[in-house]
Amino acid sequence: MDGATDVVFIGRPSVGKTMIAIGLAGHRTHFTTCDDLIRRLKRVLAEHRLGLS
C-alpha cells in the first residue's frame with residue numbers, strides 16, 4: 001500500500017467491500033458504482049482526456 005496502486009473491490013452487495021475500504025484509514029479512497037465508473041470512462045475517452053499515451 002506504500003506505492004501508488006489502484007485497488008478495486010468487486011462483489012455483490014453486503015459482502016464487506018465497504019468495511020474493507022474503511023479499514024484502509026489514512027489512505028485516499030473513492031467510492032463509486034460500476035455504472036458511474038463506466039459512464040465517467042466513456043466521457044473521458046470521448047473527450048480524449050484519459051491520458052493513456
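This is a predicted model: local features need pLDDT of at least 70, side-chain atom pairs count only at pLDDT 80 or more; totals for chains, interfaces and linings use all residues.
Helix α2 covers residues 34-46. It has 13 residues, and the distance from its first C-alpha to its last is 18 Å, close to the 18 Å expected at 1.5 Å a residue.

The count of salt bridges comes to 3.

| Salt bridge | N to O distance |
|---|---|
| R39 and D36 | 2.2 Å |
| D36 and R40 | 2.8 Å |
| E47 and R49 | 2.5 Å |

Side chains of opposite charge can pair when their charged atoms come close. R39 and D36 both lie in α2, 3 residues apart, which is about one turn of the helix. D36 and R40 also both lie in α2, at a separation of 4 residues, again about one turn. An α-helix has 3.6 residues a turn, so residues three or four places apart point the same way.

The residues of these pairs can be described by their accessibility. D36 is buried because its relative accessibility, 15%, is under the 20% cut-off. R39 has a relative accessible area of 46% and is partly exposed. R40 is partly exposed too, with a relative accessible area of 37%. Salt bridges that share partners join D36, R39 and R40 into one network. In the pair of E47 and R49, the side chains meet at 2.5 Å, N to O, and E47 is partly exposed at 41% relative accessibility.

**The largest pocket**

The volume of the largest pocket is about 1,200 Å³. Its lining is made up of 29 residues, and V7, V8, H30, F31 and T32 are the ones that lie nearest its centre. The elements that give two or more residues to this lining are α1 and α2. Of the elements, α2 gives the most, with 6 residues. Sorted by class, the lining has 15 nonpolar residues, 9 polar residues and 5 charged residues.

**F9 and its contacts**

F9 sits in the segment before α1, the helix of residues 17-22. Leaving out residues up to four places away in sequence, F9 touches K17, I20, A21 and L24. F9 and A21 are 12 residues apart in sequence, while their C-alpha atoms are 8.3 Å apart in space.

**Positive phi angles**

Most residues other than glycine have a negative phi, and most peptide bonds are trans. S14 has a phi near 70°, a positive value in a residue other than glycine. This residue is in the segment before α1. S14 is exposed because its relative accessible area, 80%, is over the 50% cut-off.

H48 also has a positive phi, near 55°, and is a residue other than glycine. H48 is found in the segment after α2, and its positive phi comes just after that helix. At 74% relative accessibility, H48 counts as exposed.

Technical notes: Residues are numbered from 1 along each chain as its sequence is written. Side-chain values use heavy atoms; hydrogens and water are left out. Contact means heavy atoms within 4.5 Å. On a 1 Å grid over the protein atoms alone, a cavity is a set of points where a 1.4 Å probe fits but cannot get out, and a pocket is an open set with protein on both sides within 12 Å along at least five of seven lines; lining residues have an atom within 4 Å of a point. Grid points are joined across faces, edges and corners, and a volume is the space filled by probe spheres set on the points. Ala, Val, Leu, Ile, Met, Phe, Trp, Tyr, Cys and Pro count as nonpolar, Asp, Glu, Lys and Arg as charged, and the others, Gly among them, as polar. A salt bridge is a side-chain nitrogen of Lys or Arg within 4 Å of a carboxyl oxygen of Asp or Glu. Buried means under 20% relative accessible area, exposed over 50%, partly exposed in between (1.4 Å probe, protein chains only). The expected span of a helix is 1.5 Å times one less than its number of residues.
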